[in-house]
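Biologist: I would like to learn how to read a structure like this one, feature by feature. Please give me the general idea each time, and then the case at hand.

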Amino acid sequence: MNSEKNEFRIIKYRLKVGNPNILLVQCWFSNNEMGDNKLLFLLDDKRLVPKISIKEGIEIRKRHLTDSYGIDREYYFWLPLPEAMNSRKYIRIFEEAEGKKRLVYAIPCRKIMKLRGRVESFIEESQAKDGKVEIKGWYIAKDRPVRITAADEGGKPIEFDTEEMFRQDVVAEFPETAAEDAHGFKLILDDAGSKRVKIVLSDGKNRTEYDHEIYPSVVKKGVTEARKIKAKTVSYLKTEGVRRTARRAVVKLFRLNENNYMSWCKANGPTKDELDAQREARFDRMPKISIAVPLYKTPLSYLEELICSVREQTYGNWELCLSDGSGEENSALTEALKRYQESDRRIKTVISPVPLKISENTNEALRVSTGDYIAFADHDDLLTPDALYECVKALNEDPKIDALYSDEDKISMNGKEYFEPHFKTDFNIDLLCSMNYICHLFVVSRKIMDQVGMLRSEFDGAQDYDFVLRSVEAAGSVHHIPKVLYHWRAHKDSTSENPQSKMYAFEAGKRAVQAHYDRIGIAAKVHQGEYLGLYKTEHILKEHPLISLIIPNKDHIEDLDKCISSIEQKSTYDNYEYIIVENNSENEETFRYYKDLEKENPRVHVVCWEGEFNYSAINNYGAKFAKGEYLLLLNNDTEIINGSCLEEMIGYCMHDNVGAVGARLYYSDETIQHAGVIVGFGGIAGHAFIGLPRSANGYFSRIICAQDMSAVTAACMMVKKSVFEEVGGLSTELQVAFNDIDLCMKIREAGYLIVYNPYAELYHYESKSRGLENTKEKVDRFNGEIATFAQKWPEILKNGDPYYNPNLSLERCDFSLK
């Protein structure tokens with residue numbers, strides 16, 4: 001199980017459909033099951049005894065893709081409520097774990113009363129299309145039909161057409177609801193320029209009103225909300241007094257815990273003084289950056305917000321190249337573009353008389369660009385005010401940079417909330433072949449674009465992915481800025497629809513990665529990964545070079561036999577040998593086993609190490625007897641799971657730029673033992689995602705994607721023999737601990753990559769043969785090896801692991817926010 005405490009996380013609360021006297025509290029636990037945790041529900045001082053149901057499976061796991069815990073189980077607590085709630089104040093949720101009780105959530109009863117009078121529904125989003133406005137949403141009608149009405153800002157009714165659709169996602173979200181009771185809809189009305197539409201859903205008894213802003217404005221919303229908050233606070237103080245206002249603030253704080261990233265942004269974003277200083281800064285190089293943006297039936301408010309975010313840049317030498325590929329009469333958009341171009345000479349516009357696809361449209365913007373560097377943005381996204389400043393700062397610090405990218409997050413459709421930050425690794429070519437992790441903000445030099453060409457329409461849907469891959473192939477240096485510089489607009493609260501509708505984009509992504517391999521001469525076939533948007537590389541092995549498996553062993557012949565048997569019975573690779581390094585075994589039975597093993601299996605060679613235990617020296621000794629071009633350092637307490645394990649490892653290890661490859665290892669209880677190593681975890685180095693369930697995908701799917709890392713464990717590590725010898729093998733001054741991490745550091749220092757491949761899977765029963773650090777001598781040795789490693793590699797411990805991110809915690813192994 002997860003070595004951290006089993007944390008309770010609430011998802012939401014709502015009333016049961018069809019029964020206003022039952023409250024559902026939906027939650028999950030970081031260990032994926034409730035375990036020994038206890039929850040106490042109190043209505044004021046009265047205990048509520050819930051019925052509990054559990055929902056699990058692949059759909060739940062998809063919902064938690066951005067969590068690191070591999071959640072595929074959610075708990076539903078159904079709480080009975082009295083009909084009379086007017087005199088009640090709060091439902092409080094207490095969690096008791098490890099002997100401690102704490103308040104984790106508080107729900108005001110007045111909010112529950114409001115829920116009782118509403119139709120269960122949601123208005124998701126709106127967009128302009130063909131002179132119409134389309135508003136999407138859904139509702140649940142159990143006993144009575146629901147009527148939908150709409151009115152403009154002045155209260156005048158608006159006529160609209162309704163397009164109904166089945167929403168399997170809504171059915172899945174409300175398990176107590178029959179499929180025929182869940183209704184998806186699209187309201188189609190004339191685009192009369194109205195900014196707001198009042199939508200009412202009523203079943204005769206209950207009603208829900210939405211004051212829907214068609215094209216929300218971040219700036220206006222922010223000002224409006226600030227005024228509302230101030231007015232509400234003053235009003236509450238006057239009517240309720242300081243004590244109740246403070247108590248209300250506590251309740252609000254519990255809700256803030258639902259998204260601590262917002263608090264993190266406020267604490268870590270640039271201050272006004274810092275932004276002012278950036279505006280005054282002057283660099284030795286002041287390159288012009290062209291921002292290319294394709295427009296397609298773009299809502300004017302989104303365009304306004306994008307342009308505003310560019311004009312507010314603290315670095316001023318930019319040009320904004322806007323290409324409208326809508327290909328239809330849109331006087332409002334045309335006039336707006338003309339107005340923006342006239343107001344700022346740095347804004348250039350291109351308007352096409354015919355519709356353009358995404359690549360053609362972006363290329364039109366690129367053709368009018370004159371910048372030294374090219375940046376890309378989507379028409380409804382936002383740049384942070386320091387985005388271009390940070391890029392130019394990096395370019396001045398290292399003039400060799402040809403391309404750079406930043407971290408990013410998502411912004412809600414109304415611009416009020418930031419969520420799902422993607423704090424990325426430094427340049428990671430093998431992760432890039434597993435997913436387009438670079439995405440935004442991406443900036444490339446003009447010389448690289450001139451060399452590789454513009455966007456290619458045959459990859460539409462993944463045209464940016466293809467362009468990034470071609471750019472990094474040509475770039476001498478690709479730089480990562482570990483700061484969020486780009487906000488990607490996305491809908492946060494709606495129930496996700498079927499991603500199959502964009503299969504063409506995922507297929508284009510697969511072809512983009514395949515084209516990359518074809519260009520650089522790697523024989524491989526690209527497949528869709530475990531989830532859409534992820535890709536798996538199958539290497540086509542034109543030869544099967546000899547692999548020497550080096551397995552140290554001291555007694556424990558049952559472990560060794562299980563290890564060898566798993567390879568003999570499961571492996572589909574056909575060219576390998578075993579070098580069993582006998583290390584001072586004491587049982588006669590062990591030596592009889594060796595003798596029988598060599599007699600029965602011609603692949604097996606037993607060699608004897610007669611010195612004291614020194615893991616590094618033992619493996620170095622075994623490597624001297626190896627005949628293979630590739631060494632597989634393997635613990636005797638491992639067991640391969642998949643037959644293609646050796647192919648998976650050697651496929652990457654045969655890359656010219658790769659020195660070593662690691663695997664995904666599990667404990668016997670089906671939790672993760674190894675998914676790569678992060679230097680800095682625990683002060684020195686530690687395994688990523690250790691203790692999470694085998695089903696976990698990890699932070700932005702890092703567990704289940706092949707990628708470059710600083711180090712992998714030698715419990716199962718394949719190394720080119722030539723590279724192993726080039727770096728001098730394992731360092732013998734590190735007898736037990738950190739010698740494998742040190743080896744990887746030496747390999748990287750020599751210019752090679754270390755690859756973690758999750759598709760090579762093994763059980764690792766964890767160091768049975770050596771025993772625990774349970775004596776003063778062993779503890780002193782361990783502390784000495786920590787000091788040795790720190791002295792050898794001070795820079796990475798000081799500056800941080802390049803395949804991690806300085807915004808993430810070193811205190812937890814799950815890539816949590818610092």
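Modeller: Let us begin with the names of the elements: helices (H or I, at least four residues) and strands (E, at least two) are runs assigned by DSSP, and they are numbered from the N terminus. Please keep in mind throughout that this is a predicted model.

Biologist: How many helices and strands are there in the chain?

Modeller: The chain holds 22 helices and 38 strands. Of its 818 residues, 55% count as buried, and among the contacts with a separation of 6 or more, 76% are made by residues 24 or more positions apart.

Biologist: Which peptide bond is cis, and where does Leu-441 lie?

Modeller: The general idea is that most peptide bonds are trans. Here the bond from His-440 to Leu-441 is cis, with omega near -10 degrees, and Leu-441 belongs to the loop between helix 11 and strand 23 (442–445).

Biologist: What should I look for in the phi angles of the backbone?

Modeller: Most residues other than glycine have a negative phi. Asn-32, although not a glycine, has a positive phi of about 75 degrees, and its place is in the loop between strand 2 (19–29) and strand 3 (38–43). Ser-701 is not a glycine either and has a positive phi of about 65 degrees; this residue sits in the loop between strand 35 (685–687) and strand 36 (707–708).

Biologist: Is Asn-32 buried or exposed, and why?

Modeller: The cut-off to remember is that buried means under 20% relative accessible area. Asn-32 has a relative accessibility of 9%, so it counts as buried, and Ser-701, at 8%, therefore counts as buried as well. The idea extends to a whole element: eight of the eleven residues of helix 10 (residues 387–397) are buried, and the helix is mostly covered. Among those buried residues are Tyr-389, Glu-390 and Cys-391.

Biologist: At what angle do helix 13 and helix 14 pack?

Modeller: Helix 13 (residues 463–474) and helix 14 (residues 503–520) pack at about 20 degrees, with their axes 9 Å apart. Angles under 35 degrees count as roughly parallel, and the two helices are therefore roughly parallel to each other. Helix 13 passes helix 14 in a right-handed crossing. From helix 13, Tyr-465, Asp-466, Leu-469, Arg-470 and Glu-473 meet Gly-509, Ala-512, Val-513, His-516, Arg-519 and Ile-520 of helix 14. By kind, the residues of this contact are five nonpolar, two polar and four charged.

Biologist: How many salt bridges does the count come to?

Modeller: The rule asks for a side-chain nitrogen of Lys or Arg within 4 Å of a carboxyl oxygen of Asp or Glu, and the count comes to 39 salt bridges. One of them joins Glu-364 and Arg-367 at 2.7 Å, N to O; both residues lie in helix 9 (residues 358–367), three residues apart, which is about one turn of the helix. Glu-364 is partly exposed at 27% relative accessibility, whereas Arg-367 is exposed at 52%.

Biologist: Where in the chain are Glu-408 and Lys-424?

Modeller: The side chains of Glu-408 and Lys-424 meet in a salt bridge at 2.8 Å, N to O. This pair links distant parts of the chain, 16 residues apart, with Glu-408 in strand 21 (residues 403–411) and Lys-424 in the loop between strand 22 (418–422) and helix 11 (429–432). Glu-408 and Lys-424 are both buried. Salt bridges can also be linked in a network, and here one connects Glu-7, Arg-9, Arg-812 and Asp-814.

Key
Residues numbered from 1 in each chain as written. Predicted model: local features only at pLDDT ≥ 70, side-chain atom pairs only at ≥ 80, totals over all residues. Heavy atoms only, no water. Axes fitted to C-alpha atoms, helices over the stretch in contact; angles between N-to-C directions. Parallel < 35°, antiparallel > 145°, perpendicular 65-115°, else oblique. Left-handed = near helix turned anticlockwise from the far one by under 90°. Contact = heavy atoms within 4.5 Å. Nonpolar A, V, L, I, M, F, W, Y, C, P; charged D, E, K, R; others polar. Buried < 20%, exposed > 50% of the residue type's maximum accessible area, 1.4 Å probe, protein only.
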